[in-house]
Amino acid sequence: MRLINSEGDRLSGVVADMLGDTMVVQSCAAWSERYRECITSTIQQQIGASRVVWRPAAGILNEEGIQVPLGQQSTSTSSNTDAAHSATPLEQNIQQQQQQPDVWRKAADEQEQQQQQQCEPHSSDSNSSNSWLSHAVHVREGGLTFLATPEAGQKTGFYADQRHNRAFIASMSAEKTVLDLCCYSGGFALMAAAAGAAAVTGVDSSANAIELATANAELNDLSDR
């Protein structure tokens, strides 16, 4: 479920999705990083999520001159965490980055290159398969169960904002052949398959996405479709 939809809810730069009992917040603006503790504690108090995962969008924040340390690409806060505000390392870096923009911009470019190299598993690593799905949560939609990855993967770990579009495509998919390009977790393809599509094909350039979509097909007994 999409709880906060950035500009659509007059909170530009903040997206929040409820995935199972986990609330995932994607932060895309300097102001949301500065008020992170306030946003997190308010969500926990109002929604009652067991945990809140904070995911700063490094690429967008870099454009604002804010570098996200590699170790803080996602952080999880449980419901019993003290809500009192304390400056995070990221907040402490903001002033330094503003004072030395050229230095931080170069570091941001180097970090982005490292992130791109790390986004795909190494084929030589026999333990890479399914390792990134070890902390996945279950999301129910349209009678199906999807694995979602709050601390990894694209956006918040699941395209919750496409729920109505997936239902719309499913409503016209009976006995059709369906192609799901950039399928990520296979949401459109699997909803179409469950609605009676004759055949579905999911395509994505990411090996991780294909792994996730395949796992979701198996989870819903739709691997043969």
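A residue is buried when its relative accessible area is under 20%, exposed when over 50%, and partly exposed in between (1.4 Å probe, protein chains only). The model is predicted, so local features need pLDDT of at least 70 and side-chain atom pairs count only at pLDDT 80 or more, while totals for chains, interfaces and linings use all residues. Residues are numbered from 1 along each chain as its sequence is written, and side-chain values use heavy atoms, with hydrogens and water left out.

Four salt bridges were found, a salt bridge being a side-chain nitrogen of Lys or Arg within 4 Å of a carboxyl oxygen of Asp or Glu. Among them, arginine 2 pairs with aspartate 17 at an N to O distance of 2.4 Å. This pair links strand β1 (residues 2–5) to strand β2 (residues 14–19), its members lying 15 residues apart; strands (E, at least two residues) and helices (H or I, at least four) are DSSP runs numbered from the N terminus. Aspartate 17 is buried at 0% relative accessible area, whereas arginine 2 is partly exposed at 24%. Arginine 2 also forms a salt bridge with aspartate 161, at 3.6 Å. Aspartate 161 lies in the loop between β7 (144–148) and α6 (163–171), 159 residues from arginine 2. Shared partners join Arg2, Asp17 and Asp161 into one network.

Glutamate 141 and arginine 166 form another salt bridge, at 2.7 Å. Glutamate 141 is buried at 8% relative accessibility, and arginine 166 is buried at 3%.

Zero disulfides were found, a disulfide being a pair of cysteine sulfur atoms within 2.5 Å. The sulfur of cysteine 182 is 8.1 Å from the closest cysteine sulfur, that of cysteine 183, which is too far for a bond.
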